[in-house]
Amino acid sequence: SEIRKRLIEAFTNAGDEYLSGQFLAEIAGCSRTAIWKHIEELRKEGFVFEAVKKKGYKIVQAPENVTADEISFGLKTDFIGRGIHYEEEVDSTQKIAHRLATEGAAEGTVIVAEEQLLGRGRLDRKWHSPKYSGIWMSIILRPNLPMQKAPQLTLVTAVAVVQAIEEVTGLLPQIKWPNDILISGKKVTGILTEMQADADRINAIIVGIGINVNQKRDDFPEEIQQIATSLAAESGQNISRARLMQEVFARLEKLYQTYLKDGFFPIKLLWESYALSIGKEIIARTVTGDIYGKALGITEDGVLNIQQADGEIRQVYSADIFINE
Ligand code: BTX
């Protein structure tokens with residue numbers, strides 16, 4: 001908002017000085033109560049304030065951003081993340097990625113935003129993407145593969161993200177088929193893979209990745225507080241988003257090349273080693289109904305096999321999975 005912009009400018013100019021609520025209200029042209037609310041909003045965005053009685057406020061830490069410069073500094077990949085398209089605020093990075101892919105963007109191009117206003121999940125569900133606290137990005141891949149292999153890339157990506165989180169935070173995430181990454185049973189990452197195809201060949205795969213990084217537990221909107229978590233909430237420390245992105249790019253580039261060269265099998269083994277639901281009794285909620293049974297594993301195509309109580313094995317291509325405890 002305009003007020004927030006003025007506040008940030010004032011704090012920037014103030015340097016090490018404290019600014020009083022009265023002074024801030026005057027330059028922003030609003031009440032002191034309104035100022036207090038804006039400061040709360042800024043706190044949620046990652047600004048850390050020091051408040052001293054009679055003196056006022058000072059910013060002691062600004063959020064760390066994920067601009068092209070911050071991501072490029074220290075990047076170790078050959079192509080993933082070599083082209084960065086950065087936005088402060090977007091509807092959805094998927095939308096921009098689709099446009100850039102159509103316009104011929106190179107493989108490995110990454111679209112990243114500090115905030116998404118209309119971040120989306122599968123089946124047009126909402127993906128909550130608040131400013132500065134997560135990684136909201138889309139990666140353009142151009143594998144030379146038939147269309148039906150596209151879902152495997154979701155699984156390749158999931159393994160890469162799990163490894164990157166492990167490396168950077170020491171946490172041990174698990175994968176819930178097909179596209180959720182969980183820590184302590186709560187969702188920390190969602191992956192949305194979309195495809196552009198000509199005839200039956202893939203023109204581009206847009207891999208959308210949303211990682212909750214520095215949100216506090218009560219930053220999550222009420223409707224997902226029970227099911228969502230962030231890396232900071234789980235590890236008790238703030239995590240550098242740029243550093244984590246670099247690690248995701250490095251892991252993904254390596255696994256993607258293995259996948260193109262040696263096929264899905266090595267990825268399948270890794271994926272299963274991180275999988276949460278394999279061997280468990282689950283409910284798979286599909287668009288045509290619920291399937292109950294034991295998750296046996298995934299096939300070469302990334303399809304989930306479920307064995308029902310009557311022994312029949314059902315193949316599930318797309319569903320939401322619940323562990324049946
Ligand atoms: P999904 O359909 O598996 O999950 C969406 C569901 O997850 C929502 O219905 C809600 O219950 C829950 N949810 C929403 N926001 C969050 C959150 N921040 N953390 C945890 N749970 C949440 C998952 O879809 C795929 C998400 C991909 C998001 C990336 S971000 C960059 C790219 N751009 C874009 O618009 N989407 C992708």
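I began with Y86 and looked up its bridge partner in β4, which is V112. I note that the model I am reading is a predicted one.

β3 and strand β4, residues 110–116, pair in the parallel sense, and I recorded six bridges for them.

Next I followed the sheet as a whole. I found seven strands in an open sheet, in the order β3-β4-β5-β9-β8-β7-β6, with mixed pairing. I asked why one side of β3 and of β6 is left without a neighbour in the sheet. β3 (84–90) and β6 (174–176) stand at the edges and each has a single partner strand, so one side of each lacks a neighbour there. On average, neighbouring strands of this sheet are turned by 20° against each other, direction ignored.

I looked up helix α6, residues 150–169, and found that it lies across β5 (134–141), β6, β7 (180–183), β8 (186–198) and β9 (201–212). Against β8, helix α6 runs at about 145°.

My next entry concerns the ligand. I listed 28 residues that surround the ligand, and the closest are S92, G121, G190, G208 and G210. Which elements each supply at least two residues of the shell? I noted α5 (93–102), β5, β8 and β9. Sorted by class, the shell has 14 polar, eight nonpolar and six charged residues.

Last, I consulted the domain assignment of the protein chain, which gives domain 1 (2–61), domain 2 (68–274) and domain 3 (281–323). Taken over C-alpha atoms, the centres of domain 1 and domain 3 are separated by 53 Å.

Key:
Residues are numbered from 1 along each chain as its sequence is written. This is a predicted model: local features need pLDDT of at least 70, side-chain atom pairs count only at pLDDT 80 or more; totals for chains, interfaces and linings use all residues. Two strands pair if DSSP finds at least two bridges between them. Helices (H or I, at least four residues) and strands (E, at least two) are DSSP runs, numbered from the N terminus. Axes are lines fitted to C-alpha atoms, for helices over the stretch in contact, and angles run from 0 to 180 degrees between N-to-C directions. Two residues are in contact if their C-beta atoms, placed from the backbone, lie within 7 Å. Domain bounds come from an automatic or database domain assignment. A residue is near a molecule or strand if its C-beta atom, placed from the backbone, lies within 6 Å of it. Ala, Val, Leu, Ile, Met, Phe, Trp, Tyr, Cys and Pro count as nonpolar, Asp, Glu, Lys and Arg as charged, and the others, Gly among them, as polar.
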